[in-house]
Amino acid sequence: MLLSLAPVGVGACERSPTAAPEPVAAAGPAAAPKGAATTEPPSPTATPSPDSEPSPAVATAASTADAPTSDTAVAAEPTPQELSILADYRAIAPFLGDDDPDTWTPAERRFLEDWLDETDWAWFESNDFSGDTIRKNWVLSMAAQASKGKRSIIRMPLYPNVGWGCEVPSIWVATGDFNPDVAFIVPTGDTQHVDRCEQCFDLEDEQRGPCEDRHCSMQVEGYFTGTSTTPTEGCHEIGYEFHINRSTTRGGTPTRYLLGLAAGAAEPDGPPIDSGPAWGVMFANAFRNDPKALPRAQAKHQAVVDAGHTTAQLLDSRRIPTLWCCSWVVLVERFEHEKGARALARTLGKTALGKPIVRRLY
């Protein structure tokens, strides 16, 4: 049975400081739905603008050179834990952004009834099938699995408004804005955007709105640590600790809830890029949670090589510190300066290969 929270409210107490845990390679969900619904995952190529660029992941080894990989990348055999988590995610993913029950098939409706416990289904039904109920339960299933040592990398929005009048610590809502279907988050790790948004609340009304518009629409990527805060006097809700690996203040509305990397996934097959030509021209639309992602990326890589770019590499996006987790990336070529990268991108965009993206790699 999935965890459930009562209606919640405006933050009042101070947040207790918590130490940021060491990042982990991957980990995640474990008790969840049964079903076979799948969805095409969104492109992972959208990255923050310069004024909200996430802090790069810490590089741990020497960089890759410009030499090509030996053929195309091959994913490590998935572990039973990773396969189980991915199966659960693929079953629930179509509903993480869907608030329209008229589009559900009878089988999908039965699946959701089974996935939610009886109390949550009753609330879900009486609340006009708000997708926040599903999103809350999925987020809490991630937190529950992390408490068992299964930490997955996930992506989700953070909302600064918690509403509903009961006192909670200065904690952040992950799954809704002024909504009773929310899960409280205790942010750790890279909290620069969380902290900047909080500063808006001290401003006068005429300044506060524009500040919130600029700094408070957040999207974060990271993992639940498995630690939660217990309610204290005057603070009646539970806060689930979430380590932020990176974030952006351009989260968009609505922002997708996404499993980036399932617990148990293998490490990348090489170290992060941290030196050499800094600008890359790449294709990146093969998200790892899609079972067809690697074959699709391999085909794109081969097409790029066949077009004459023989040094192109097929990489795990975790090897490029400025990219979010976790996709297969075809890195066509690297340049010392952005101008050269942009020029190649314009040329490639006129071919059958499609429109590439240009990114600083580290």
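The model is predicted. Helix α4 covers residues 131–146 and lies across β2, β6, β7 and β8. Its direction is at about 50° to β6. Of its 16 residues, 15 are buried, so α4 is largely enclosed by the rest of the structure.

The sheet is open and has six strands, with mixed pairing. Their order is β4-β5-β7-β6-β2-β8. Strands β4 (172–173) and β8 (258–261) form the edges, each pairing on one side only. Strand β2 (residues 153–158) runs antiparallel to β8, and three bridges join the two. Isoleucine 153 has leucine 261 in β8 as its bridge partner.

Twelve salt bridges were found in the whole structure. One of them joins glutamate 125 and arginine 109 at 3.3 Å, N to O. Glutamate 125 belongs to helix α3 and arginine 109 to helix α2, so this pair ties together parts 16 residues apart in sequence. Glutamate 125 is partly exposed, at 38% relative accessible area. Arginine 109 is also partly exposed, at 30%.

A salt bridge also links glutamate 221 and arginine 155, with the closest N and O atoms 3.5 Å apart. Glutamate 221 is in strand β6 and arginine 155 in strand β2, so the pair ties together parts 66 residues apart in sequence. Both residues are buried.

Within helix α8, arginine 342 and glutamate 338 lie four residues apart, about one turn. Their closest N and O atoms are 2.9 Å apart in a salt bridge.

Note on methods: Residues are numbered from 1 along each chain as its sequence is written. This is a predicted model: local features need pLDDT of at least 70, side-chain atom pairs count only at pLDDT 80 or more; totals for chains, interfaces and linings use all residues. Side-chain values use heavy atoms; hydrogens and water are left out. Two strands pair if DSSP finds at least two bridges between them. Contact means heavy atoms within 4.5 Å. Axes are lines fitted to C-alpha atoms, for helices over the stretch in contact, and angles run from 0 to 180 degrees between N-to-C directions. Buried means under 20% relative accessible area, exposed over 50%, partly exposed in between (1.4 Å probe, protein chains only). A salt bridge is a side-chain nitrogen of Lys or Arg within 4 Å of a carboxyl oxygen of Asp or Glu.
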